[in-house]
Amino acid sequence: MTTALELAEQVRNGSVSAAEVIDRHLAAIDESDGAVHAFLTVLHDDARRAASAIDDRIAARDDPGPLAGVPVAVKDNLCTRGVPTTCSSRILDGWCPPYDATVVERLRGAGAVVIGKTNLDEFAMGSSTENSAFGPTRNPYDADRVPGGSSGGSAAAVGAGLVPLALGSDTGGSIRQPAALCGVVGMKPTYGTVSRYGLIAFASSLDQVGPFSATVADAALLFDVIAGHDPLDSTSLDRPTPRSLENVGDGVTGLRVGLPVELVDGVAPEVAAQVRRAAEVLSAAGATVTECSIPELKYGLPAYYILAPAEASSNLSRYDGVRYGLRVDGEDVEAMMRATRAKGFGAEVKRRIMLGTYALSAGYYDAYYGQAQKVRTLIINAFTEAYRNADVLLGATTPTTAFALGAKVDDPMAMYLSDVCTVPSNLSGHPAISVPFGADGDGLPIGVQVLAPALCEPLIFQVATVLEAAAPVMSAPVLAAATWSGR
Amino acid sequence: MTAPSPAGSAPVGSWEPVIGLEVHCELRTETKLFCGCRNAFGDEPNTNVCPVCLGLPGSLPVLNVRAVEFAMRIGTALHCEIRPSLFHRKNYFYPDMPKDYQISQFDEPINANGWLELPDGSRVGVERAHMEEDTGKTTHVGGGGRIHDARHSLVDYNRAGVPLVEIVSRPDIRSATQARLYAAELRGILIATGASDGRMEEGSMRVDANVSVRQPADELGTRCEIKNLNSLRSLVRAIEYEIGRQVELLESGGTVMQQTRHWNEDEQKTGALRSKEEAFDYRYFPEPDLVRVAPDAGWQADVAAAVGDMPADRRAALVQLLGDEGTSEARTDQITTVVEHGLDVLMTAAVRGGVGAALALARTANETSAEPERARVLDPASYTALLRMEQDGTLSATQAKVVLSDLLENGGDPAELARNRGYEALAEDSLNQVMDELIADHPDEWGRYVGGDDKLAGFFTGLAMKATQGKANGKAVAAELRSRRG
């Protein structure tokens with residue numbers, strides 16, 4: 001596949017028109033997405049109009065920006081003006097936001113073309129994209145397996161080569177886990193570096209928007225575009241916009257890499273083996289790799305499954321049938337709200353609303369929410385301690401490679417365990433990336449994860465670039481689109 | 001249970017009422033608490049709305065710094081500690097609350113531990129004065145406007161997200177009268193800070209009362225919270241009613257249930273809204289979309305400097321202005337009225353312009369304060385000129401009051417308003433002529449008056465008024481009578 005960097009360069013220098021780029025990708029989506037089901041909405045007309053506007057600017061010798069003419073898929077929990085934004089939920093039936101999310105605005109401002117909206121687990125709650133009201137997305141490497149989740153549509157769209165770039169959101173691993181399972185790069189930025197304005201909230205203190213791409217450099221390119229202070233998001237950090245792309249090739253000489261046993265030992269042997277191989281790669285490239293232990297990481301998952309549902313129970317209250325989306329009539333307003341929510345939400349969303357409501361209830365708050373907040377502080381402190389002896393940490397992204405569709409839908413606990421390696425970074429707010437690194441015996445992609453202290457995204461991209469260069473070459477996914485061409 | 005006695009005559013006996021008030025006031029910011037929409041009363045429904053105050057998916061709140069400043073002004077005026085504070089979410093479902101949670105301050109309010117001194121010198125503790133957002137407004141259509149039998153309901157979200165400060169008193173109040181004094185004094189303070197306009201009739205100041213009774217020195221009794229108190233009058237009546245209800249209940253061997261009660265204005269009684277068991281579990285937790293607000297010392301000092309003189313200071317200033325004339329109880333009430341309505345500036349201007357302090361106080365407290373909104377924007381020079389016309393006898397007291405009401409209604413030049421009313425003072429020679437005729441017509445009475453019978457001054461004044469159809473000025477007639485007696 002032509003990378004986003006290459007595409008933008010070709011469009012900017014006039015060797016190809018944005019219209020051609022977009023047409024080619026629309027054709028690929030039309031042809032291949034039936035099998036993948038990465039997209040919920042494909043914006044044929046909007047994308048063509050946007051492309052033609054970019055070509056007009058090129059003709060007028062204007063620079064449309066670093067993503068000129070590049071098609072980008074956007075997870076369907078990010079608001080797009082006038083375009084249905086569903087969160088893969090029936091409850092938002094018929095709703096079109098009257099505004100663009102800040103990240104979408106930034107994409108457009110950089111010349112990117114929003115080509116469609118991608119599938120997800122309902123309200124980003126899940127690890128397989130099976131909790132979508134509109135049916136699951138397939139793993140490009142095996143149509144009978146899940147793409148991961150919750151940003152499974154975005155991961156699969158990039159994995160199948162339908163688009164070079166996509167946006168996802170990561171609350172407990174929802175970018176990194178599907179990236180690992182689909183053989184693509186996925187990054188969760190430091191909490192506060194990318195605006196959440198227009199990201200439909202799941203768990204506000206954990207949610208962060210981030211990039212999917214086929215290459216590390218493309219992820220850095222997209223991250224640089226979407227990052228930066230937004231006055232519309234009070235939790236957005238007031239810092240200069242990062243320029244991580246410039247340093248992706250700086251290497252790892254002299255870098256201290258920590259290898260926490262908690263992110264290696266508990267995972268499937270084939271995954272653990274790839275993590276150790278990745279460590280050797282870094283070592284060979286001049287880094288010092290040291291094993292370490294962060295025992296507190298094991299408390300991450302339980303704490304997460306208190307905090308995230310607690311926030312979600314409140315964030316999802318507004319879907320009451322009064323103002324927008326689905327309304328199921330009832331005798332009085334309360335009955336209407338009950339009926340609407342009963343019909344509009346899927347089982348997993350209801351489960352989490354109940355968990356969260358319980359955790360915040362009078363008499364239980366201290367034992368659950370209060371305790372989980374303390375654990376969160378412990379985990380932050382544990383990371384801080386670990387970073388005294390390491391510049392970055394290396395580990396697995398997921399405990400296993402892609403599992404079969406339906407394998408875990410009836411076992412929520414097993415499904416929740418998919419996030420065990422990714423959740424700690426959300427609790428600490430630190431950045432982390434998943435880079436494809438080889439495959440298991442079935443040819444299913446494996447991802448390794450690089451974690452770093454807050455605001456160290458450039459460092460993460462540097463390490464990931466070294467790993468990417470040494471990663472075993474993958475064969476084409478079975479559901480590869482015509483636009484797929486490997487790396 | 002027998003029906004409680006009518007409000008005002010409740011048998012309190014040996015019972016001691018214990019009252020605490022929760023006052024919500026809307027802040028007079030240009031924009032709402034968390035978005036840039038206009039904060040205005042009375043606009044076309046759902047015109048001052050945006051994704052944030054409609055709680056649309058994906059929208060996020062951004063705190064209005066001006067609202068924080070106003071809240072700090074209120075805290076400063078109420079002698080509160082201003083603290084680093086945090087917003088929480090208060091979760092409950094209600095159609096006029098767009099997010100189905102209210103962003104409010106919970107255990108870390110911006111203002112805490114203050115007090116308010118009433119005009120009678122008593123002090124009421126202020127537990128906290130915290131910030132929160134207002135809800136929208138629901139109108140029930142059909143079925144007499146009640147939710148139960150309404151055909152449908154309409155929601156106006158213009159008010160959703162309007163900044164509020166909730167001022168929670170300690171249970172230091174012991175009577176309905178004291179509660180009224182507290183609410184009135186608080187309203188004066190809110191207006192004086194410039195943070196709120198304190199208009200109960202527009203709902204920009206709303207009062208809830210917590211009422212319980214006990215035998216003195218006993219533990220606090222079980223309380224009921226009364227909602228829907230839209231005026232100081234209903235506040236007094238509702239509290240009196242509720243005290244009576246609780247006392248009768250206890251004296252007849254019953255117990256008071258902890259309840260939220262609703263003041264029914266038509267029936268003049270409180271009715272149960274929900275019991276403690278039915279109370280909402282609000283599931284408060286820290287609002288993750290906002291960051292902590294920690295006003296530094298410099299900011300606090302700037303705010304303190306911006307807070308104007310409080311009613312107590314301003315009453316003291318008026319007492320000083322009146323000198324010996326300002327000490328009687330009636331005067332104290334008048335001074336309280338003038339300050340409560342924010343008219344002390346106007347009155348002081350009149351006195352500085354040469355109007356006697358007693359006259360200025362009487363007119364400002366009794367007549368001008370009837371139209372406080374208009375009076376506050378009155379041109380002090382016109383007001384002074386009018387009171388001087390009364391003082392020097394150009395207008396009678398009755399005439400001056402009529403012209404004052406014209407002035408409040410339309411503004412303008414008092415002399416011209418007086419002319420329009422036909423109050424041109426009778427020219428001196430025509431008054432002379434009238435007096436000549438009256439004395440000629442009543443020689444006996446005149447003789448007795450000249451002989452020292454002062455009561456007849458009134459007789460001649462009355463005749464002069466009648467003869468001139470009220471155009472003669474009483475003071476001018478009196479002066480004429482005195483000078484003719486020699």
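## The sheet of chain A

In chain A, 11 strands make up an open sheet of mixed pairing, ordered 1-3-2-4-6-5-10-11-9-7-8. Strands here are DSSP runs of E of at least two residues, and helices are runs of H or I of at least four residues, both numbered from the N terminus; two strands pair if DSSP finds at least two bridges between them.

The structure is a predicted model, in which local features need pLDDT of at least 70 and side-chain atom pairs count only at pLDDT 80 or more, while totals for chains, interfaces and linings use all residues. Residues are numbered from 1 along each chain as its sequence is written, and chains are lettered from A and ligands numbered from 1 in the order in which they are written.

## Strand pairing in chain A

Strand 10 (residues 432-439) of chain A has eight of its eight residues buried, so it is largely enclosed by the rest of the structure. A residue is buried if 20 or more other C-beta atoms lie within 10 Å of its own, exposed if 12 or fewer, and partly exposed in between, with C-beta atoms placed from the backbone. Strand 10 of chain A runs antiparallel to strand 5 of chain A, to which three bridges join it; A:Lys188 has A:Ala432 as its bridge partner. With strand 11 (residues 445-451) of chain A, strand 10 pairs in the antiparallel sense over six bridges, and A:Ser434 stands opposite A:Gln449. These two strands form a hairpin with five residues between them, and A:Gly443 in the turn has a positive phi of about 80 degrees.

Strand 7 (residues 256-260) of chain A pairs with strand 8 of chain A in the parallel sense, over five bridges. A:Leu259 has A:Glu291 in strand 8 as its bridge partner.

Helix 4 (residues 102-109) of chain A is mostly covered, with six of its eight residues buried: A:Thr102, A:Val103, A:Val104, A:Arg106, A:Leu107 and A:Arg108. These buried residues pack against strand 2 (71-75), strand 3 (113-118), strand 4 (165-170), strand 6 (208-213) and helix 7 of chain A. Contact between two residues requires C-beta atoms, placed from the backbone, within 7 Å. After helix 4 comes A:Gly111, whose phi is positive, near 90 degrees.

The largest nonpolar core holds 166 residues, of which A:Val72, A:Val113, A:Ile115, A:Val185, A:Val392 and A:Val450 touch the most other members. Such a core is a set of buried Ala, Val, Leu, Ile, Met, Phe, Trp, Tyr and Cys residues joined through C-beta atoms within 7 Å. Helix 7 (residues 216-226) of chain A contributes the largest share of this core, nine residues. Beyond its neighbours within four places in sequence, A:Val392 is in contact with residues including A:Leu255, A:Val257, A:Val450 and A:Ile460. Another core, of 71 residues, lies apart from the largest one and has B:Leu78, B:Ala179, B:Ala183 and B:Val213 among its members.

## Contact between the chains

The contact takes 32 residues from chain A and 25 residues from chain B. Helix 9 (300-315), helix 10 (333-344) and helix 11 (347-360) of chain A each supply at least two residues of the side of chain A that touches chain B, and helix 9 gives the most, with three residues. That side divides into 17 nonpolar, nine polar and six charged residues. Ala, Val, Leu, Ile, Met, Phe, Trp, Tyr, Cys and Pro count as nonpolar, Asp, Glu, Lys and Arg as charged, and the others, Gly among them, as polar.

## Domains and strands of chain B

The domain assignment of chain B gives domain 1 (16-304), domain 2 (309-420) and domain 3 (428-485); the bounds come from an automatic or database domain assignment. Nine residues of domain 1 of chain B are in contact with nine residues of domain 2 of chain B. Helix 2 (residues 176-193) of chain B provides the largest share of the domain 1 side, six residues.

Strand 1 (residues 16-26) of chain B runs antiparallel to strand 10 (residues 205-214) of chain B, joined by 10 bridges, with B:Val18 opposite B:Ser212.
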